[in-house]
Amino acid sequence: MVVMDKEEITHPAPPLELQRPAQPEPRQPVMISVDDVDFCYGTNQVLFDVNLEIPPRAVTAFIGPSGCGKTTLLRCFNRMNDLIDGARISVGSIRMEGRDIYAPNIDVVDLRRRVGMVFQKSNPFPKSIYENVAYGLRVLGVNKKSQINEAVEKSLRASALWDEVKDRLDSSAYGLSGGQQQRLCIARALAVEPEVILMDEPCSALDPIATAKVEELIYQLRENFTIVIVTHNMQQAGRCSNYTAFFYLGRLIEFGATSKIFSNPSERQTEDYITGRFG
Amino acid sequence: MSNARRTRNRIAQTISFWLFRFATYAILAAATYIFLDIGIKGSRTLFIPRAPFINVPFFTQGPQTLFVFDYEGKKYTLSDREFRAWKIAHPVEVEATSVAYSAGGVWPCIVGTGLLVIGSMIFALAVGICSAIYLNEYSQNTRSIRLIRIAILNLAGVPSIVFGLFGFGLFVIFLHWNVSLLAGWFTLGLMILPAIITASEESLRAVPNGLREGSLALGATKWQTIRKNVLPYAVPGILTSSILGIGRVAGETAPIMFTAAYALRDEMPWQVQRWTDFVFQGVMALPYHIYVVSSKIPQNEYTERMQYGAACILLLLVFAIALASIVLRERTRKRLSW
């Protein structure tokens, strides 16, 4: 990973053609705000002074080379990093709708219900398709069959999986294809009606067709959910996000509307990365 | 490379190959010999050459003294009970040789071993699974946890006779439980506890982390996650490990000889005055019985019957329990795959 010298950059980057240029309003309400966050794994600091405001009902993409801390930041939002020994936010705070999610009085279980997550490696449970989607409701204590049935169908419809699986809800989730499994994981996250959905490279293990379906889904979901997606695939960020944050070596280099980041970035490092000069 | 050297290498290769092959087949030969020897000699006790072909008294009676005598040119080998009946029918004096424990059967021993296995496995699995869950799911890698792991490893290497003495000291003497099922359960359970913990932890670790994260990310608590999404998938592995545990529990003599086993007891375990006495009674057990009949009584041609019969039954019993566990495991496993 090398940042090029100024002399080597002779041509400005050709602007990427964006399928759906997003048009954000100038001033947005904030869903998640990240204030001066430093993050450490033990003594190894991986995030440096990150400031970020994630708007609601939009797709925000985190891009950047491997090891730049984008997944770490994503996993801060539902406190998944709590599971790792020695991992902690050393400085700064993360607030969701104004409330510090690392405050001692925050119920982590409830936070994770409100902030759903889709993982890089699709991880359906070794249960039936139906039970996968119903799982979140069951752990919340919902026992009414009709209520669960309704939520399962609604979630599967929302994740565009219903027509493919409606005749085999009772068969194992492992019988689904990779793309279907990932959409099942999205359906599972939708079933508990979260406000935010975090996606950690949801398409990295999928073929282009399955990827297109998941991207289409992400684009639809943004009407009702705040979505934060980590991706290595810059075209993907360009295609399905409204805002893009570029990270490099643990720092947030640039954050803005996707159309601006991709066509007219204000930082040179962003431009270098987006045009493929490094990373 | 010279030709001579090449030949030498080839010879070395062939020799080591045959050495390895021999070592492998030696195990098979030893196992075959043991099983055939016990199986053939034992089946002479277990089966009889006339209907109903199974030696029913051997499975239904307790051990009895064998009486051997000649009468009117005929040789009789009768068990205690039969001999008394015979004497009533024939009121004459006969010179009978008595051989202890060599007639009758091993029914109380089967029952005793069964009770010991069930009780100690319940104890060991309950404690073992709980500690495995704690170690693998909850604890962090601190100094004290590392110490506990070392302790578990060491405990696994402690000879069974030491467990026997420990159980004798703690349960039998200090807690005044006397020679009892309860003392045997705890002693045997503690003996296999390290194996159960290690294997359960291994099975828990084999459950992909993605399932834990996926569950937690849906707003499940840690305990819900473990109960619904980790433990069920670890059960097949835990069952596999408990198969080995059952084999050891059923076969160990040393831990029960001071804590739970009687050489001879006339009542069956359920013939107790109060039900609370149930756990405070000693029982007969197959491995201890084998030990008694093969080393505690004078050996002669009549003792072999009981020795091989009991050994064969023990093997069959362990085999049957192991088979049941395997069937159970496969049925659980069929529902899972990742």
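1. B:Asp70 stands opposite B:Lys75 in β2(B). Strand β1 (residues 63–71) of chain B and β2(B) run antiparallel and are joined by six bridges. Strands here are DSSP runs (E, at least two residues), helices likewise (H or I, at least four), numbered from the N terminus; two strands count as paired if DSSP finds at least two bridges between them.

2. The model is predicted: local features need pLDDT of at least 70, side-chain atom pairs count only at pLDDT 80 or more, and totals for chains, interfaces and linings use all residues. Residues are numbered from 1 along each chain as its sequence is written, while chains are lettered from A and ligands numbered from 1 in the order in which they are written.

3. The strands of point 1 belong to an open sheet of three strands in chain B, with the order β2-β1-β3 and antiparallel pairing. Its edge strands, each pairing on one side only, are β2 (74–79) and β3 (97–104) of chain B. On average, neighbouring strands of this sheet are turned by 30° against each other, direction ignored; the axes are lines fitted to C-alpha atoms (for helices over the stretch in contact), and angles run from 0 to 180 degrees between N-to-C directions.

4. In chain A, strand β1 (residues 32–41) and strand β2 (residues 44–54) run antiparallel and are joined by seven bridges. A:Cys40 has A:Gln45 in β2(A) as its bridge partner. The two strands, β1(A) and β2(A), form a hairpin with two residues between them, and A:Gly42 in the turn has a positive phi of about 65°.

5. The contact between the chains takes 22 residues from chain A and 18 residues from chain B; residues are in contact if their C-beta atoms, placed from the backbone, lie within 7 Å. On the side of chain A that touches chain B, two or more residues each come from α2 (108–114), β6 (115–118), α3 (129–139) and α6 (178–191) of chain A. The largest share of that side, four residues, is from α2(A).

6. By class, that side of chain A has 12 nonpolar, four polar and six charged residues. Nonpolar covers Ala, Val, Leu, Ile, Met, Phe, Trp, Tyr, Cys and Pro; charged covers Asp, Glu, Lys and Arg; the others, Gly among them, are polar.

7. Chain B is assigned domain 1 (1–46), domain 2 (63–104) and domain 3 (107–333), with bounds from an automatic or database domain assignment. The centres of domain 1 and domain 3 of chain B, taken over C-alpha atoms, are separated by 34 Å. Seven residues of domain 1 of chain B are in contact with six residues of domain 3 of chain B. The domain 1 side of this contact divides into two nonpolar, four polar and one charged.

Notes
Contact = placed C-beta atoms within 7 Å.
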